[in-house]
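Please keep the sequence and the structure open while going through them.

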Amino acid sequence: MSPGRTRPAVDHLGDPAYHPGMARGTGTGGGPRPASALTLAGLVEDGCGLPFAAATADLRRAVAEHRAAVVEAPPGTGKTTLAPPIVSGAVDGRVVVTQPRRVAARAAARRIAALTGTRLGELAGFTVRGERVLEPSARIEMVTPGVLLRRLLRDPGLDGVGAVILDEVHERGLDTDLLIGLLGEVRELRDDLAVVAMSATADAAGLAALLGDPAPAVGVPGVLHQLTERYEPGPLPFDGAGVARGFLTHVADIAVRAFADRPDDGDLLVFLPGAREVSAVAETLRSRLPAEVLELHGRIGPREQDRAMAGRGRGDRPRVVVSTNLAESSVTVAGVRAVVDAGLSREPRRDSARGMSGLVTVRCARSSADQRAGRAARQGPGTVWRCYDEPTYRGLRAQVTPESQTADLTGALLTLAAWGAPRGEGLRLPSALPDGSVADDENVLRWLGAVDAEGRVTGPGRRLALIPASPRWARALVDSAPRVGSRAAAEAVAAVELGIAGDLGREIAALRRGGSPDARRWRSEAHRLERLIPAAEGKGERIGAVLLLAFPERVARLTGDTYLLASGTRAAAPPDLAGHDWLAVAEVTRAGGSTAAGTGAVIRSGAPVDEATARIAGHLLTDEVRGSLVDGRLRARRVTALGAIELTSTPVPARELGVDAVRDVVEAGGFGVIGWSPAADVLRRRMALLHRVVGGRWPDVGDEALLSRLDEWLAPELSAAADTGRLSGIDLASPLRRLLPWPEAGRLDELAPERLQVPSGSRIRLDYPPHDENGPVVVAVKLQECFGLADSPRLADGAVDVVFHLLSPAGRPLAVTGDLASFWAGPYGQVRSEMRGRYPKHPWPEDPWTAPATARTKRRS
């Protein structure tokens, strides 16, 4: 075991505000004492023993005087418990508080209700996707960021709301980032609306600027307890299928040791990246530990979540809570004195080239690792066991990657368009949206009919923006109802949005029967979505139609043992989907190893369809003549295809190809299908040097640039190839000269000559670097032919040196120099003394830079 290291824990993540069990008197250790009955004002006055009570006056003053504040408070100080009541006392109207996860919103509302002795929803309630517990009298409403975004689109003025508190802004969730920008504009219209941003690690100055100055910083120091750090590296965490089983076994082994060594009989908290990993490790620990092993993630029910967060009751067994990063900052697990951190997290990533996006498992950020560790030292001295070594910890990225930089942006762009700020233009966002992602995802919205050519929202787009689903699935919900029925459409979209995997037809049938942990949530979500669209009976089509209307490019056909998607991506299918001729794919993700069968991707969810249903993706259907190169000759086929999937293929005469088909062959195969003659290759190298060094109008002659301009310089040759059926006879040298700019082309031989004339009278060929390399220009020449050349010549108006490879009279290497003057003055003397005895018939003057012409040796061919 590596030696433990102790340090004060600066980051004690977690906030007793989230912890419902302590309100029932079941908490252990420190933290707020329970209250039988307090008003919100009484709760603030009492402070409940929370450190954040010391900031009451500062926060109240900031809200009253500036209507804005940035709260910086370490986890465990009680900011989520006390800040909403404090702000409520300084504003008129309801205080809306965003929490990044549904479980956190529910728990925070329950906590305040318990401390005030009121029923949930009376003073403090919550609204999350598919669930609302809120009475008209409520002064505090906990919501998820997505709920508030849709509310802003319906009611931009937020009537009846006196303040908005954005909690956990350090997590850099996409919806929270958008809210910062939108609320900045709302504040310009409503000077009475207060906006407070809260974070454990806030950039106060940056947030203040985004909210609109002045926004004073308010904070309290955290309670510091000693934290012992242990590093316990194991096998590599990843294999081709995700998190390696061997690594999960290692995490379980470390958890067993940590449980035996936990301080003061406290509880143990284990961090893993996803629900699957949580369940696997929890199952192992149940058979190995004399403890109550609980899971905590978004897919379990509220009752199970409450039990995991509640403290251990008197006489209860020790507890081990195995959690996703939900327990990192959103909720507090009471009584924890030891933490085991796998060092992994699930984050959104996109693969635009292959049309895939979703959550992937990566190393967590160092800030996340610190926040997890702090959970062990919130109530007293604690220990963190890291399942990796210290160099890995130090090499972690410092902060979490903003979700806006890696996630699918279609939903965000639709929200911004519906707000009247296409692409976020004019808004003060924490991070600018990536240009490439914006362009790709705005094209998707145009295809959906949600935005126009300028990115402005359309009428249908405004309706889609109010549906609590991503734009593709919102559109599929609306469009598929007449085909499959409104109920079936809502059930399919609810299943996809809740992340149900496998054969969705079978899974939905199982959900209808009930009994699974997801059934209740799915049923509630399906009912809610069904109410948002007109009632329809449908025409009897199956669930695959819904999936294809969302992602037509993901229709897939079995080819061998894997599937080819219309987008061109190949992917393996799980056992419950494999073997069907056609699939409608709802989700496909990157993967490796045997799971992906060598394709690099695996289908996560979908449904079998027949070819007739597959043709719903009719805009992808093509009927064209395609060319290919076989043994140097063009061959033609008439192909009917659904995107990349060929449905039929019939040979036809090559003359039917046409120029477009020949161009396609070149674009697909590159210039290797034609070949570069020596003359064409030399010309290309010379032009590449001038483009790289001189720039200006000298063209880029890289493969990508040339292929993008085929019609400008190779059109006559492509047309001739369409007539003759051959590409191999084309010499690219003459066509390439069509790209030379005028009048600069007249200086080509001056700036980048093909040959260099030396004093002997010979014209020696210059060797230019390949077009895609930044190497030297080389001339290989016998030394005697350079007598009389005092300095090295330079090309491209003096920007490029010529490197001389100097040869003996027999053509063997003697020296390499890019500076002839220095060579003559130094190394030449040693070369002369060694060579003149070996080659006595050849001149070896003492002053070669001024040697007379009679000393020169004519180059022999």
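1. In these notes, a residue is called buried when its relative accessible area is under 20%, exposed when that area is over 50%, and partly exposed in between, as computed with a 1.4 Å probe on protein chains only. Helices (H or I, at least four residues) and strands (E, at least two) are DSSP runs, numbered from the N terminus.

2. The model is a predicted one, in which local features need pLDDT of at least 70 and side-chain atom pairs count only at pLDDT 80 or more, while totals for chains, interfaces and linings use all residues. Residues are numbered from 1 along each chain as its sequence is written, and side-chain values use heavy atoms, with hydrogens and water left out.

3. Helix 19, residues 486-497, is mostly covered, since 9 of its 12 residues are buried. Its buried residues are Ser486, Ala489, Ala490, Glu491, Ala492, Val493, Ala494, Ala495 and Val496. Among the elements that cover them, by contact (heavy atoms within 4.5 Å), are helix 18, helix 20 (504-513), helix 21 (519-530), helix 22 and strand 24 (582-590).

4. From its first C-alpha to its last, helix 19 reaches 16 Å, close to the 16 Å expected at 1.5 Å a residue; the expected span is 1.5 Å times one less than the number of residues in the helix. Just after helix 19, Gly499 takes a positive phi of about 80 degrees.

5. How many salt bridges does a search of the whole structure find? The search finds 70, where a salt bridge is a side-chain nitrogen of Lys or Arg within 4 Å of a carboxyl oxygen of Asp or Glu. Side chains of opposite charge can pair when their charged atoms come close.

6. One of these salt bridges joins Arg472 to Glu553, with the closest N and O atoms 2.9 Å apart. Arg472 lies in helix 18 (residues 471-484) and Glu553 in the loop between helix 22 (544-550) and strand 21 (555-559), so the pair ties together parts that are 81 residues apart in sequence. Arg472 is buried, at a relative accessible area of 12%, whereas Glu553 is partly exposed, at 22%.

7. Another salt bridge is formed by Arg794 and Asp801, whose closest N and O atoms are 2.0 Å apart. Both partners are partly exposed, Arg794 with a relative accessible area of 44% and Asp801 with one of 35%.

8. The peptide bond from Trp742 to Pro743 is cis, with omega near 5 degrees, and Pro743 is placed in the loop between helix 29 (733-737) and helix 30 (748-751).

9. Glu168 has a positive phi, near 60 degrees, and lies in the loop between strand 7 (161-166) and helix 7 (174-189), where Glu168 is buried with a relative accessible area of 4%. Asp797 likewise has a positive phi, near 55 degrees, in the loop between strand 32 (794-795) and strand 33 (800-807), but Asp797 counts as exposed, at 59% relative accessibility.
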